[in-house]
Amino acid sequence: MKYSIYDLTRWSVLTALALTLSVTESMFFPSMLFPVPGMRLGLSNIVTLLALYLFGVFPTLLIVFLRCVITFAFGGNLTSFLFSLAGGLLALAVMLIARNTKKFSLFGISAAGSAAHTIGQILIACLMTGTWAVISYLPVLLLVSLVTGIVIAGLSIPVYKAVTAIRPGVQP
Amino acid sequence: MILKRSNRPADKAAGPAYIPKFRFCRFDAAVIILVLLVAAGTALQLYRVTQSSMTAGSHQEAVLTVSGEEVWRVNLADITTQETHKVTVDAGSLTVLAKAGKVCISASDCPDQICVHTGWLTSTGQTAVCLPFKVVLKVVSVDGQGSITQDTSALYDAISK
């Protein structure tokens with residue numbers, strides 16, 4: 001399929017939004033604030049969630065991948081890169097399946113994606129440390145991911161409305 | 001210049017294939033209950049594994065692993081004052097401090113400092129993880145013969161059965 005400049009621009013704008021949210025979050029809520037590692041709000045998941053509806057699978061995959069790579073390039077470490085990539089891809093896969101059933105609202109899809117993100121991170125942590133001891137963080141992180149998932153869904157509704165309000169040929 | 005709507009072939013279709021729903025529905029509740037069940041199940045299994053390790057005559061040991069290989073071990077019941085151990089990996093070094101009945105990662109060169117913020121580990125099954133250095137410090141129960149009775153790796157066996 002051929003993509004127009006309009007499509008590319010929209011993807012780029014959402015990629016920029018994802019990066020902005022990710023940077024903002026790390027400034028206001030540094031990971032040291034939380035007692036359990038891996039706990040975070042995941043504001044950039046707003047973009048993943050919306051892109052899945054607005055653009056489809058391939059562009060969303062591109063946005064998730066670019067966000068991880070660019071965050072890594074500008075002062076991230078390899079650990080957090082692997083974490084966000086594994087979590088992001090697993091979350092994307094789960095949200096894709098949930099979207100295709102057409103049964104769930106944004107809240108359910110976001111919560112499922114958030115939980116999948118956590119599980120992906122724990123799996124990578126298990127692989128990296130070579131022990132299963134990291135699983136002991138799973139219950140707490142899953143509970144937190146439910147809350148953040150629902151918050152993210154709530155936040156993404158106004159963003160979706162704002163993004164879909166902009167139409168080509170119509171000046172806002 | 002403003003792009004004309006007709007320039008986009010995708011727009012000629014009837015509309016987007018998937019339209020998000022904004023209202024919370026019962027399927028969403030099912031997702032939440034499912035995740036809660038998984039969390040509760042894991043927590044329960046962890047609790048049972050930890051409890052079953054508290055047998056008579058056992059004591060606690062702190063085990064330090066780097067990339068899954070054990071590099072240091074100390075009996076937490078034997079320590080009189082305190083004991084420190086320094087490990088150096090490619091990326092930097094990390095110091096473990098053990099006192100009677102408790103152990104922690106007291107200093108680390110890693111960027112996120114999560115392992116240091118974890119604080120003291122006192123009970124069996126507790127872990128402090130330093131992902132940048134691939135270091136895991138955990139507390140295990142050991143019986144009189146010196147073999148590990150239980151630790152969290154038993155959880156994996158429980159899940160895989």
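Which residue takes a positive phi just after H4(A)? Lys102(A) does, with a phi of about 60°.

## About the model

This is a predicted model, in which local features need pLDDT of at least 70, side-chain atom pairs count only at pLDDT 80 or more, and totals for chains, interfaces and linings use all residues. Residues are numbered from 1 along each chain as its sequence is written, while chains are lettered from A and ligands numbered from 1 in the order in which they are written.

## Helix H4 of chain A

Helices (H or I, at least four residues) and strands (E, at least two) are DSSP runs, numbered from the N terminus. H4(A) covers residues 78–101, which is 24 residues. The expected span is 1.5 Å times one less than the number of residues.

## H4 and its helix partners

Axes are lines fitted to C-alpha atoms, for helices over the stretch in contact, and angles run from 0 to 180 degrees between N-to-C directions. Helix H3 (residues 57–73) of chain A crosses H4(A) at roughly 165°, and the axes come within 9 Å. That makes the pair roughly antiparallel (angles over 145 degrees). The crossing is right-handed (the near helix is turned clockwise from the far one by less than a right angle).

Contact here means C-beta atoms, placed from the backbone, within 7 Å. Among the residues making it are Leu61(A) and Val64(A) of H3(A) and Leu85(A) and Leu89(A) of H4(A). By class, this contact has ten nonpolar, four polar and no charged residues. Ala, Val, Leu, Ile, Met, Phe, Trp, Tyr, Cys and Pro count as nonpolar, Asp, Glu, Lys and Arg as charged, and the others, Gly among them, as polar.

H4(A) also packs against helix H5 (residues 106–129) of chain A. The angle is about 145°, and the axes are 7 Å apart. This crossing is right-handed. The contact has 14 nonpolar, eight polar and one charged residues.

## The sheet in chain B

Three strands of chain B form an open antiparallel sheet in the order S3-S4-S5. S3 (82–89) and S5 stand at the edges with a single partner strand each, so one side of each has no neighbour in the sheet. The twist averages 20° from one strand to the next.

Strands pair if DSSP finds at least two bridges between them. Eight bridges join S3(B) to S4(B), and Thr88(B) stands opposite Ser93(B). S4(B) and S5(B) pair over six bridges. In their hairpin, with two residues between the strands, Gly101(B) takes a positive phi near 80°.

How values were computed: Parallel < 35°, antiparallel > 145°, perpendicular 65-115°, else oblique. Contact = placed C-beta atoms within 7 Å.
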